[in-house]
Amino acid sequence: MSSPWRIEATALVALALPMIAGNIAWSAIAATDLLLLGRLGAESVAAGALGINLFHALLLFGMGLVTAASPLIASERGRRRHSVRDVRRTVHQTLRAAALFVIPAWAILWQSEAILLAMGQDADLAHGAGRLMRGLQWALLPFLGFTTLRTFIAALERPVWGLLIMLAAIPFNVLAGWALIFGNLGFPPLGLFGAGLASTASSCFLFFGLLGVILIDRRFRRYALVGRFWTRDRERHRQVWALGLPIAITLGFETTVFNASALLMGLIDRDSLAAHAVAIQIAALVFMVPMGIGQAATIRVGLAYGRHDRAGVGRAGWLALIIGTGFACCAALALILMPLTLVSAFLDLNNPANARTVQLAVSFLAVAALFQLVDAAQAVGAGVLRGVQDTRVPMIFAMIGYWLVGIGVGTILAFPLRMAGLGIWLGLAAGLGSVAVLLVTRWSLRERLGLVRG
């Protein structure tokens, strides 16, 4: 008979692999936008990086909010394996919460150029970022809808459909970007604005594609997600916000740290900003793996949490942390051994005009290799704590680690100590490390703190 640890490891990996692949596909969609903009020049990449960073700050906040569906559905299925009504209630109220969030988010993104100018960014780059946002901001609602539906099927431990839809969206996004940015297939050349429109079209493709699968597949259709959507359910709506808002704020602290680092890079020079954009894309691609493991761990821990299985909670959480940090060691090695190969996907190494940008990007990747282990630990650590519906204290950890430590150390190193962009990246490493230590320590003390029941 297989041991409980082997059974859990098999279930965790089976759930995590499609979610990791889906995350990589999502990152690939974002990367193709920068690849296409790179053909317009380094200035377009820099402007696109400013706009995308601002958009992602609100997008990830919204994704954190709708992530509440994952532990809620998993816990319910842990209590009652074939629950239908309560699962549907969670999905409906999560979609309603997303719809409420995007209205003020759209109003903020409409003022992107003015916001970037107020932050002291270059006027030309701010104008380009504003043009991008005029087409991109509308992607917010369909992508959050897709994220909610993807969370729903993942919590049912059937995440493959989400992966397949995202894989199909990659060539769609490339085609849409090629047509709208450069003026092909009868469209006028729209440049940065076209890149934003292409991303919105791709988000709609994701949402309606997955919704179609859910309406057709009989194992999803039984939940009747399209029925009674507007039925009021104050208690479940409150639960979504109570659990999801701290997750959203946590992700907000994390992503705004990286956004702030991009803004600080913009204060140094354009080469630093462009190099930062490239290095962040590569680091984000690597991060998709521990992120997927953390997402799977939320579900596996949540299932054990719902059935009051303390041992099961511990097995799922520790296995996720071991697997996540093990991968991080391999990723760090790759970043150290082949930085130029990775950078060449975004910049022409033979173009003398890109020489300084390439050099800076390589130095940033060296620091990224150093913080892979702690980055994986904090991503998976947050995921396992969400599985036991512990989100408020990790939110405080994020505020302390990312902003007080990360930005504080980075700013001091970059400007008073004149380390420029490298100092900012070292600050990011310090912030991630402090959050990782706090989260893993809290997980190890979960029973003493009363986070699990049994």
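Predicted model: local features only at pLDDT ≥ 70, side-chain atom pairs only at ≥ 80, totals over all residues.
Q: What does the secondary structure of the protein chain come to?
A: The count is 18 helices and 0 strands.

Q: Why is the protein chain called as compact as a globular protein of its length?
A: The globule rule gives 22 Å for 454 residues. The radius of gyration of the chain is 21 Å, which is close to that value, so the chain is as compact as a globular protein of that length. Along the principal axes, the C-alpha atoms fill a box of roughly 60 × 50 × 40 Å.

Q: What part of the contacts with a separation of 6 or more comes from residues 24 or more positions apart?
A: Such residues account for 83% of those contacts in the protein chain.

Q: How far apart are the mean positions of the positive and negative charges?
A: The chain has 36 positive and 20 negative charges, and their mean positions are 13 Å apart.

Q: What makes the phi of Glu157 worth noting?
A: Most residues other than glycine have a negative phi. Phi of Glu157 is positive, near 60°, and this residue is not a glycine. Glu157 lies in the loop between helix H7 (140–155) and helix H8 (160–182).

Q: Why is Glu157 called partly exposed?
A: Partly exposed covers the range between buried, under 20%, and exposed, over 50%. Glu157 has 24% relative accessibility, so it counts as partly exposed.

Q: Where is Ala224, and what is its phi?
A: Ala224 sits in the loop between helix H10 (218–221) and helix H11 (234–268). Its phi is positive, about 50°, although Ala224 is not a glycine. With a relative accessible area of 36%, Ala224 is partly exposed.

Q: How do you know that the span of helix H15 agrees with its number of residues?
A: Helix H15 (residues 355–370) has 16 residues, which at 1.5 Å a residue should span 22 Å. The end C-alpha atoms of H15 are 24 Å apart, which agrees.

Q: Which residues of H15 are buried, and what covers them?
A: Among the buried residues of H15 are Val358, Leu360, Phe364, Leu365 and Val367. Their cover includes H11, helix H12 (270–306), helix H13 (310–337) and helix H18 (420–444).

Terms used. Residues numbered from 1 in each chain as written. Heavy atoms only, no water. Helix = DSSP H or I, 4+ residues; strand = E, 2+ residues; numbered from the N terminus. Rg over C-alpha atoms; globule rule 2.2 N^0.38 Å. Contact = heavy atoms within 4.5 Å. Lys, Arg positive; Asp, Glu negative; His and termini not counted. Charge placed at Lys NZ, Arg CZ, Asp CG, Glu CD. Buried < 20%, exposed > 50% of the residue type's maximum accessible area, 1.4 Å probe, protein only. Expected span 1.5 Å × (residues − 1).
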